[in-house]
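This briefing goes through one protein chain, topic by topic. Please look over the sequence and the 3D view before reading the points below.

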Amino acid sequence: MPQIPSARCLPLLFALIAPMASAQPNVGASPPARYVLDHARIYTVDAARPTAEAMAIDAGLIVAVGTSAEMAAQYASWPRVEMGGKTVVPGLIDAHAHLLGLGQSLLQADLVGTASLAEIGDRLRAFAATAPAGAWITGRGWDQNDWGTDGAFPTRQDLDAVLADRPVWIQRVDGHASWANTAALRAAGIDPEAAAAADPDGGQVLRDAQGRPTGVFVDAAEALVARAVPAMTEAQWAEALRRAVAETTRAGLTGVHEAGVPLPALDLYRAAIAAGDLPIRVYAMIEPGEVDAFCAANPSGALADPSGRLVVRSVKVYADGALGSTARPCWPTTPTRPAAAA
């Protein structure tokens, strides 16, 4: 009999993947409580039977796997969900994710994959055209190593040439550096024409030959400008989480390890769970500065939502920086983009 050992205790943590097409099967918004996933290529992670054609599911639990004929004989009265040869794999878990960061990025300008300053400008202008007048323009994803400039960092003047009438604040692809235009510096109370203040611990303000801020802030120095960016509303955070979850489930993820979350994010997760809007499992790590507050609210030092969708019992610890956003690269180059040759 093609039963999985302890199958009744095995939650449905499988990702449904359509070869060369969408990652979501056409199972409907609300599949029946009992059904057979049929005519699929199921990877069981069972050495004795590595693949199967069909799988019986009851109230979110995998009951059995086997051939289509076996499942038809044993579960003849159960509805069939035809997969048409799509692939089914055990649910994927991202062991280092930033779910809320992903959601936030989906509300901002997408700069991932930009190959030049010109392309950065095109995407920022397109995004700004959809934003309210005067609103900050935020985004993420640029990487100066992809621009053919020997890894040299851009300047605020580069952004001023694109958008000078409103603050622009965009993070590097790894989040370890951010780039501001002159309007953003002024909004943050930084005089762009004066020598930059001393670097904060764990961060660096890039400077030009006169000691003025170039517009790029590394690691802890990012806070010098980020503190002036208008805070997202609760509704915006809820929308960010909704978009992030949609993106992760589309990619076949059934769980993520959230590497560093502020305490208010836990309330956001629990609200999504209560509303039935968190189909994935989140193993969250607390930010180091909030450990005392978390333990005061959770004397056991851990949190486990009864739904099993949210678990907290670890802390994100930061050490050192990131090679891609270092202001002192190991290759011979200057920290800012050299002027074009005459």
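Strand β11 is mostly covered, since five of its six residues are buried. The model is a predicted one, and every value below was computed from it. In the sheet that contains β11, the six strands follow the order β10-β11-β12-β13-β15-β14.

**The six-stranded sheet**

- This sheet is open, and its strands pair in a mixed fashion.
- Its edges are formed by β10 (109-110) and β14 (203-207), each of which pairs on one side only.
- Helix α3, made of residues 117-128, packs on the sheet and touches β10, β11, β12 (168-172) and β13 (177-180).
- The direction of α3 makes about 145 degrees with that of β11.
- Strand β11 covers residues 137-142 and pairs with β10 in the parallel sense, over two bridges.
- Across this pairing, Asp 110 stands opposite Arg 140 in β11.
- In a regular strand, side chains alternate between the two faces of the sheet.

**The five-stranded sheet**

- A second open sheet has five strands in the order β9-β16-β17-β19-β18, again with mixed pairing.
- Here the edge strands are β9 (92-97) and β18 (303-304), and each of them pairs on one side only.
- Strand β9 runs parallel to β16 (residues 253-261), and four bridges join the two.
- Asp 94 has Val 256 in β16 as its bridge partner.

- The axes of helix α7 (residues 234-250) and helix α8 (residues 263-274) come within 11 Å.
- These two axes cross at roughly 65 degrees, and the crossing is right-handed.
- On the α7 side, the residues that meet α8 are Trp 237, Ala 238 and Leu 241.
- On the α8 side, their counterparts are Leu 268, Tyr 269 and Ala 272.
- Sorted by class, the contact of α7 with α8 has six nonpolar residues, no polar ones and no charged ones.

**A buried arginine**

- A polar atom of the Arg 156 side chain lies 3.0 Å from the backbone oxygen of Pro 192.

**Positive phi angles**

- Most residues other than glycine have a negative phi.
- His 39 is not a glycine, yet its phi is positive, at about 55 degrees.
- This histidine, His 39, is found in the loop between β2 (34-38) and β3 (41-43).
- With a relative accessible area of 41%, His 39 falls between the 20% and 50% limits and therefore counts as partly exposed.
- Asp 219 also is not a glycine and has a positive phi, of about 50 degrees.

**A threonine in a loop**

- Where is Thr 67 found?
- Thr 67 lies in the loop between β6 (61-66) and α1 (68-74).
- Its relative accessible area is 26%, so Thr 67 is classed as partly exposed.
- In sequence, Thr 67 and Ala 52 are 15 residues apart, while their C-alpha atoms are 5.9 Å apart in space.
- Apart from neighbours within four places in sequence, Thr 67 is in contact with Arg 49, Glu 53 and Ala 54.

**The chain as a whole**

- The chain has nine helices and 19 strands.
- Of its 342 residues, 41% are buried.
- Among contacts with a separation of 6 or more, 67% are between residues 24 or more positions apart.

Technical notes: Residues numbered from 1 in each chain as written. Predicted model: local features only at pLDDT ≥ 70, side-chain atom pairs only at ≥ 80, totals over all residues. Heavy atoms only, no water. Axes fitted to C-alpha atoms, helices over the stretch in contact; angles between N-to-C directions. Left-handed = near helix turned anticlockwise from the far one by under 90°. Contact = heavy atoms within 4.5 Å. Nonpolar A, V, L, I, M, F, W, Y, C, P; charged D, E, K, R; others polar. Buried < 20%, exposed > 50% of the residue type's maximum accessible area, 1.4 Å probe, protein only. Pairing = 2+ DSSP bridges. Polar contact = N/O pair within 3.5 Å; in protein donor to acceptor, adjacent residues only side chain to side chain.
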